[in-house]
Amino acid sequence: MSQVLRSKVNQHVGDNQEYKVSQRDFSRKKSSSIVVNNPGLNLSVVKTNARIVRIRLVFIHIGEIDTLNEKYQADVYFEARWTEKRMNLNTLNLNAQDQQKLLAEDNITMKINELNPTIHWLPQLFIENGIGQIGEQDKWFTIKKIAPRSDQLSTSVSINVEICEHRRIKGFFWEKLELNHFPADVQDLTISITSHHHVANCLLVPDERFRSIINREAFFDQQEWSLYEHVATEIRESNEEYSFEDEDNAIGQTKHPVLAIACRAARRPGYYYWNAFCLIFLITICAFCIFSISPDLPQSRLQITCTLLLTSVTFRWVVNRSLPQISYLTTLDIYAIISIIMLVVLCVWHSIIATLHFLNPMAPKLLGPTNYYVIIDRYVFYGLFAVYIFTHIALLVWLISVPYRRRREMEYIDHEYAAKKYIQLDTSQSRYDSKFDLSVRRASAAYDTLPAMKPTRARKSLDGITTIPNATTVIPIREENNEIRVMSMTELREQEDEYYNHTNDINNELKTTQMTPVEQP
């Protein structure tokens, strides 16, 4: 289960098997993924006295993704569960009837509006990458009684309970976009949940019983982006801003637990292919038409070529207005610069051939088809045009093998996610990894994990796996345990009728959901 503790920089699981997570690297690389059957934390392996808080998040609605300002709008709902032993019911705001139900019945759930933080322990959660909140967030708690074992006895007012904190937040969230493959890029839309507690007191892990999900139907930017079905998680730590580190006295910097939950969105590149790549291609192709002008007319050649060069430079600046000011080149930038270089080379050649013709006193004023300068100019045209075509072929092969390979691997992970498996973020490099490629590892039901394997192309049909479209358009209050089996649409409707009581309005489904006790078989 050490895969749960993998970070975006390194994986630290020492020989004493203590829980350690590396510091966050803000110059992060493209995050890869690990496919596992169950992300549950093995407490027998990870020896810690910290409280385990299991978190499950639902992306209810994702609004506009602002590429220029590197932020996106979302409406999210998350649940944080932890266990409280021997809780005194008198400290809760419950009437006598509700207290009697908790004491008499097993696996019963009660809803309360708030808990007193001076009496009860709370995880003190907040969104790390939130930059603006819209309206007030909804917050409430539910308490579920845990049936005691045969060797445990509960007093009249003290029982073991599972407390679940529910929150719904609407706002803007910051996300560092990786634009190396723009406009064929795939972006992670992350919600980083952290706590004011230190890692010694609190540990945030994904919920092993209820998976995080996303509502793809309520996506605002469907014309520009395509949203994937799977949701990935990552456990890491963040340093406290006002703490210090003293190596001489063995004092480390104070750290807080962080659980990052991310969905993936792929940009639809058709707009940029037709309005950027195609126009730049046509401008550069027009420059090769200048070879139809005789080399003894350099003023006409240079005038037209310089005009096309200035047009290409101006067009590039117009396109870059839709992107943030980044210090690296995108795919569109590389293509535009290659075209500008080709135009500059053509200008230089037209100047060279004109100079050679001018300096030769024996050259005729009017050049014929069999003239030496005309033949050289013709072969230069063939060579430069061949180089330009070869560059496009190489670019096309690279697009298929690198950016679109990542998209194929995202589709493959969607199939694995449909098989009730979990996705974890990972950037540790293996011998199969390249700088921006995705590493997919599959877990075994008999063993913890299998060795790393090179990802293969997504299969057209997966045995035993059925992708159910629009399977996450409601917010579950109760789910089945994580069992790998195929659910038919009839079973899905029966499950909705049994566990959910909601309206069709996606914005009000949390407020209108009635939470009723459900007895486990």
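1. The side chains of Glu-409 and Arg-405 come together in a salt bridge, at 3.1 Å from N to O. Both residues belong to helix H6, where they sit four residues apart, about one turn of the helix. Glu-409 has a relative accessible area of 4%, so it is buried. Please keep in mind as you read on that this is a predicted model.

2. Staying with helix H6 for a moment: it covers residues 403-418, which makes 16 residues. From its first C-alpha to its last it reaches 23 Å, close to the 22 Å expected at 1.5 Å a residue. After H6 comes Lys-420, with a positive phi near 65°.

3. Two arginines are placed over tyrosine rings. Arg-407 lies over the face of Tyr-404, at 5.4 Å from the ring centre. Arg-211 lies over the face of Tyr-417, at 3.9 Å from the ring centre.

4. How many salt bridges does the model hold? The count comes to 20. One of them joins the side chains of Glu-84 and Arg-51, at 3.1 Å from N to O. Glu-84 is in strand S3 and Arg-51 in strand S2, so this pair ties together parts that are 33 residues apart in sequence.

5. Another salt bridge brings the side chains of Arg-81 and Glu-79 together, at 2.8 Å from N to O. Arg-81 has a relative accessible area of 7% and is therefore buried. Glu-79 also counts as buried, because its relative accessibility is 1%.

6. Now to the aromatic rings, where the count comes to 16 aromatic pairs. In one of these, the ring centres of Phe-182 and Tyr-272 are 4.8 Å apart and the planes meet at 70°, so the pair is edge-to-face. The pair links distant parts of the chain, 90 residues apart: Phe-182 is in the loop between strand S8 (158-174) and strand S9 (186-195), and Tyr-272 is in helix H2 (residues 270-288). Are these two residues buried or exposed? Both Phe-182 and Tyr-272 are buried.

7. A second ring pair is Phe-291 with Phe-381; the centres are 5.1 Å apart and the planes are at 55°, so the pair is tilted. Phe-291 is in the loop between H2 and helix H3 (298-320), and Phe-381 is in helix H5 (residues 372-401), so the contact ties together parts that are 90 residues apart in sequence. Phe-291 is buried, at 12% relative accessibility, whereas Phe-381 is partly exposed, at 23%. Both rings belong to one aromatic cluster, which also takes in Phe-281, Phe-288, Tyr-379, Tyr-382, Phe-385 and Tyr-388.

8. The backbone deserves a look too. Most residues other than glycine have a negative phi, and most peptide bonds are trans. The peptide bond from Phe-182 to Pro-183, however, is cis, with omega near 10°. Pro-183 is found in the loop between S8 and S9.

9. Which residues other than glycine have a positive phi? Glu-70 is one of them, with phi near 55°, and Gln-124 is another, also with phi near 55°. Glu-70 is in the loop between strand S2 (51-66) and strand S3 (71-88). Gln-124 is in the loop between strand S4 (109-112) and strand S5 (125-127). Glu-70 is buried, with a relative accessible area of 18%, and Gln-124 is partly exposed, at 39%.

10. Finally, a word on the surface. Val-344, Val-348, Ile-352 and Leu-356 form a nonpolar patch there, and together they have about 310 Å² of accessible area. Val-348 is in helix H4 (residues 331-359). At 44% relative accessibility, Val-348 counts as partly exposed. The C-alpha atom of Val-348 is 8.9 Å from that of Leu-302, a residue 46 positions away along the chain.

Technical notes. Residues are numbered from 1 along each chain as its sequence is written. This is a predicted model: local features need pLDDT of at least 70, side-chain atom pairs count only at pLDDT 80 or more; totals for chains, interfaces and linings use all residues. Side-chain values use heavy atoms; hydrogens and water are left out. Helices (H or I, at least four residues) and strands (E, at least two) are DSSP runs, numbered from the N terminus. Rings of Phe, Tyr and Trp (its six-membered ring) pair if their centres lie within 6.5 Å; planes under 30 degrees apart count as stacked, over 60 as edge-to-face and the rest as tilted. Buried means under 20% relative accessible area, exposed over 50%, partly exposed in between (1.4 Å probe, protein chains only). A charge sits over a ring if NZ of Lys or CZ of Arg is within 6 Å of the ring centre and within 35 degrees of the ring normal. Patches are made of residues with over 30% relative accessible area and no salt bridge: like charges are joined within 9 Å, nonpolar side chains (Val, Leu, Ile, Met, Phe, Trp, Tyr) within 5 Å. Accessible areas come from the Shrake-Rupley method with a 1.4 Å probe; for residues, only the protein chains shown count as cover. A salt bridge is a side-chain nitrogen of Lys or Arg within 4 Å of a carboxyl oxygen of Asp or Glu. The expected span of a helix is 1.5 Å times one less than its number of residues.
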